[in-house]
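Hi everyone, thanks for coming. Let me walk you through a structure that may be new to you.

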Amino acid sequence: MINKLFGFTGGVTVEHHKAQSTKTPVRRAKIPDTLILPLSQHIGAPAEPVVEMGQCVLKGQKIAKASGYVSAPIHAPTSGTIEAIEKRPIPHPSKMSDTCIVIKPDGKDQWIELENHAEDYQTLDPSKLRNLIRSAGIVGLGGAGFPTFIKHNPGPKGLVDTLIINGAECEPYITCDDMLMRERAQEIICGILVTKHALQAKQCIIAIEDNKPEAIDAIKVAAQKFSDRNIEVMAIPTLYPAGSEKQLIQTVTGKQVPQNNLPIHIGVVCQNVGTTAAVYRAIHHGEPLISRYLTVSGDVVEPCNLEVLFGTPFNEIIDECGGSKDNIRRIIVGGPMMGFAMHELDLPIIKTSNCLLIDAGQSKDLEPRNYSLPCIRCGNCVDVCPISLLPQQLYWYAKSQELAKVQDYNIFDCIECGCCDYVCPSQIPLVQYYRFAKAEIWKQERETQKSDTARNRHEFRTFRLEREKAEKAERHRQKKAALKAGGLAKGGAEKLEANPQKTAILAAMERVKAKKLSQGIAAKNTDNLTEAQKKLVDEADERRRLQRSPQPENEAEIVTKTNKEKSEK
Amino acid sequence: MSLYTPSSPHFHVNNSVTEIMLKVTYALIPGILLYVMFFGFGILFNIILAIITALGCEALMLKIRKRPILQFITDGSALVTAVLLAISIPAIAPWWIIFLGTAFAIIIAKHLYGGLGYNPFNPAMVGYAMLLISFPLQMTTWQLPITLSDNYLGPVDSFLLMFSNTNSASLALDAISGATPLDYLKTQLGLDKQIPYIMQSSETFGLLSGSGFEWISLGFLAGGIWLIKQKIIPWQIPATVLGSLALIAFIFYIIDSNTYASPVFHVFSGAAILGAFFIATDPVSAATTPRGRLYYAAGIGILVYVIRTWGGYPEAIAFAVLIMNMCAPTIDYYTKPKTYGHGK
C-alpha cells in the first residue's frame, strides 16, 4: 500500500466556488419533450444508428451500435418514438452540426428487459466483463469520453499494479463527482470491485481532493466493508490540476507517464468515480449508460446537481434550476479552466458533459478579459505549469508562427489545463495560442503528407515515362541492329526481299502456270464427246466468239466514225 | 442565437502588469524615506523629475509607434524605470542628468527595442551606465549623509541645487559632497592601506557598511522581502545574487582580510540590496527558467564583486546586470526544465 503522497510540479490554487451547488441533494431532471442524441459522444468513431424513423424504443434499448474498436454504442435514455435521424448542432467548440438521433419521449419511461451479473461477475472472464461494459456504452465520464472497456484491457502482459479512482474533481464550480461520492459511495465501491476484477489489478487507490471532507468520509465508510480488498482512500492536496490523469498518477505513485505512452505502461489505470459508478450499474443492474450527474452553476437562480438524461437540451436544464439570473452571455460546458464555451442554448447534454456553467455577468471571477499586454517574461507561467514546459517561450514562438521551435519546446505535451493563462499578469490568452499552434502543425503535417504523396506520384510517373522511352529506344535499336546484321549475311537474296511486289507477281505467275497445266489435263473430259455434244459445244463457242467481237455500241465512237466519213468525203 | 465563445480558461487570477509595477514602486518607499532622512530632499526631486520625463517620453514614443497610449502608459513599467534610475543617481546631480538618463532609458533602451516586454536590457541600468560613462563627475559626486555633515538639504535647497546649482546657504558642492564608502575604500586600498586601518580611521563607515548608506539598504531589504511575500518577485534571484556575492567575498576575506572587505560590507554597500531585489528581478530582461534564474543571479553577484574589487569602478550593479542581461537568452536556452514524462 502507498501511504506517501508525492505531489506534482506547478499547479495553481483557485477559488473553488463549490459550496453553492452542493447545498441540495441531487435530483432527477424531468424528462424533456425531445432528446437529441449525437452519434459522437465519445472519443473514437461515431456510433451507427440501428433504429429507423418512427420506430418505438424502450428505455435502455440500443439505438446506435459501436462502429469499430474505439467507439461506443448509444442507448435510448427513455421510452418513446424515434422522431428524426438528422444533422443537428452538437455541443462542440467548433459550432459544428452532426448526425443525431432525436427521440420523442412517450412519458412511460418503460425499461427494456435487463440482464444483470450482480452475483456471478466474479466468475466471469475479464474479457466477458469488458464486453458487457462495452455494450453498456460506458465511456470516461470525467470529461474525455474514452471508451472504458479499452482501458480495462490490461494487455497481453496483464501487468496492472494500481487502479486509481479519480475523485479529485479539481476544476472550480464542478461538484457532480463530489455529490456522487457523497450519495452513491456504495455503488462506487462495488464498481471498483468490478473494475479491479476486469483489470486483475493488485490494489486500488481512491484519490479525493481534501476540500471534499463529506465525500472522503462517505467513501471511507463504504470501503470499510471491503477492507480485505486492497482499496485505499487517499486525501490529496487541493491544487488545480490535481485531477488531471498524469498529475494524479504522479501525486499518488510518484511516477511520470512516459511521453507518448499510456498510464498502463507504468502499470497504472486511472478511472473517474462517475465511470466507476456506471460500471457498477451496468454489471449489477444491467443498465446501460443513459444519464449522468451534472452540475449546474454560475449565474443560475438555484445552482445544484441534477441527474440528467443524455440528450436533454441546455435550456431545459437551466429552467429546472430556476433560470438564469440575467441575460445569458456565455454558457460553458465543463469547468471554467478547461470547459468550452458553447454558442447555443438548445444543444444537448452528452456523456462527457459534467457541468453547465452559466455566465450572465454576475460572477466577478468569470469576467472576460478586455485586452492583453505584451509578455513581460515574469515566469509565473513557468512556475505553475504542471508539465514543466516554458509557456512564455511557447507563446513567443506560437505568436511568430515558428512551428518547429514550438515543437522543440514540447507543445504536444501541453494538456491545456490553463494554469499559465490563469496567472498571466499580461492577460494573454496563452492556451488559445497553443491550440492555434497545434492546429497549424497538424494542418502542415497533413499538407506535407498530401504533397509527399503527390510528389511521389509525380516522381513515379516521370520515372515510368523515362523508362518506357528508354525501352522503346532500346527495342528500336535492337531491331535496327538485327536488320542490318541480316542484310549483310544474305546478300543477293536481299534484292528479292527488297521488292516484295515483284516476288508476289512471280509467285502469282507460277500459280497460274500450275493452274493452266492442271486445267489442261482436266479439259481432256471433252475428248470423247458424241456428235450431238460436239455440235452443242461448237454452237456455244460460236456464241462466245460473237459476243467477244468489238461492236460500236458507244455513241462517241459512232460520232467519231461519222465525222471520219464526212471528212473523207 | 450565438453566444460569446472565447477559448478556455474562463477564469483568471485577479492580477495585472500595472499591479506588479505599482507594488514594486510601493516596496521602494521605505528605502526612499530613509534616503530622505539621511541625505535630504534631493532624491525626491530626482524621482519626480524622472517620473515626469519617463511618462512624457513613454507617451511620445507610444504615439510615434501608434500604440494605444492609455493602455500602455498605465502599465506602470515606465514609473518603475524612472524611480529606479532616480534613486541610483546622486541626489545633488543637476536636473539635466536626470532628464537625459531617463529619456535615454525610455526612448533608446525601451521603445527602440519594441517597448514593454521586448527590451533585452534593463532600461534603468542602460540609462545609468550611459550617464556614468558620459558624465563621470556628476555621477560620482555624492552628498554626505547627515551623520557626516552638518548640512541637511531641505526641499528649497535641494530644488535650488538641482536647477540652478546654488543653495540658500551658498555652500560649495565640496562642502556637502564626499566619496561613497565603496569609493573611499577603493581609493585607500590603492594607497596600499589595510582595511582594518581604513575602517577605523574614517567616519565614513558604519556598523554594516557605509554610515547612513547601510540604513537605506535595510529599507530596500524590507521592501524586497515584502515583494517576495506578495509573490511579485521570485525569492531565488535576490537570495542568489546576495548569496553569491557574500560567498565570493567570504572566500577572499578568509584569504586576506586586510585587502578584501567582509561579505557583510559588500552585501550592505552601494546598490547591492537594491540591485538584488529590484533590478536583477526585472522580469523582462532576466532569465526566466527556474534553473536559469539561479545562474543569472549568481553571475550578477560574482560580477559585482569582481568589478568592485578589481575593476575600474567602485560600484558595479549596473554593469553586472547589463552583462547578465546579454547572457539571459542563452541561459534560458540551456536550462530548459525537463518536461513531464521526458525521462529522468
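Find Pro241(A), which sits in the loop of chain A between strand S11 (231–236) and helix H6 (245–253); helices (H or I, at least four residues) and strands (E, at least two) are DSSP runs, numbered from the N terminus. The peptide bond joining Tyr240(A) to Pro241(A) is cis, with omega about -5°.

Some housekeeping: this is a predicted model, where local features need pLDDT of at least 70 and side-chain atom pairs count only at pLDDT 80 or more, while totals for chains, interfaces and linings use all residues. Residues are numbered from 1 along each chain as its sequence is written, chains are lettered from A and ligands numbered from 1 in the order in which they are written, and side-chain values use heavy atoms, with hydrogens and water left out.

Chain B has a cis bond to show as well, between Ser8(B) and Pro9(B), with omega about -5°. Pro9(B) lies in the segment before H1 of chain B.

Back in chain A, look at Lys95(A): its phi is near 60°, a positive value in a residue other than glycine. You'll find Lys95(A) in the loop between strand S7 (80–89) and strand S8 (97–105) of chain A.

Next, salt bridges, meaning a side-chain nitrogen of Lys or Arg within 4 Å of a carboxyl oxygen of Asp or Glu. Over all chains there are 31. In one of them, Asp109(A) meets Lys59(A) at 3.1 Å, N to O. Those partners are 50 residues apart, so to speak from distant parts of the chain: Asp109(A) is in the loop between S8 and helix H1 (126–135) of chain A, and Lys59(A) in the loop between strand S4 (56–57) and strand S5 (62–65).

How do the two chains meet? Here 39 residues of chain B are in contact with 71 residues of chain A, contact being heavy atoms within 4.5 Å. Together they bury about 4,600 Å², 57% of it on carbon and sulfur atoms; buried area is the accessible area (1.4 Å probe) that two parts lose on being put together, summed over both. His10(B), Phe11(B) and Tyr340(B) supply 21% of the area that chain B buries there, more than any other three residues.

There are 2 salt bridges between the chains. Asp383(A) and Arg293(B) form a salt bridge, with the closest N and O atoms 3.5 Å apart. On chain B, the elements giving two or more residues to this side are helix H1 (17–39), helix H3 (69–73), helix H16 (290–310) and H17.

Of its 30 lining residues, the closest to the centre are Tyr128(B), Trp142(B), Gly270(B), Ala271(B) and Glu315(B). H12(B) gives the largest share of that lining, 4 residues.

Conventions: 1 Å grid on protein atoms, 1.4 Å probe; cavity = no way out; pocket = protein on both sides within 12 Å on 5 of 7 lines; lining within 4 Å.
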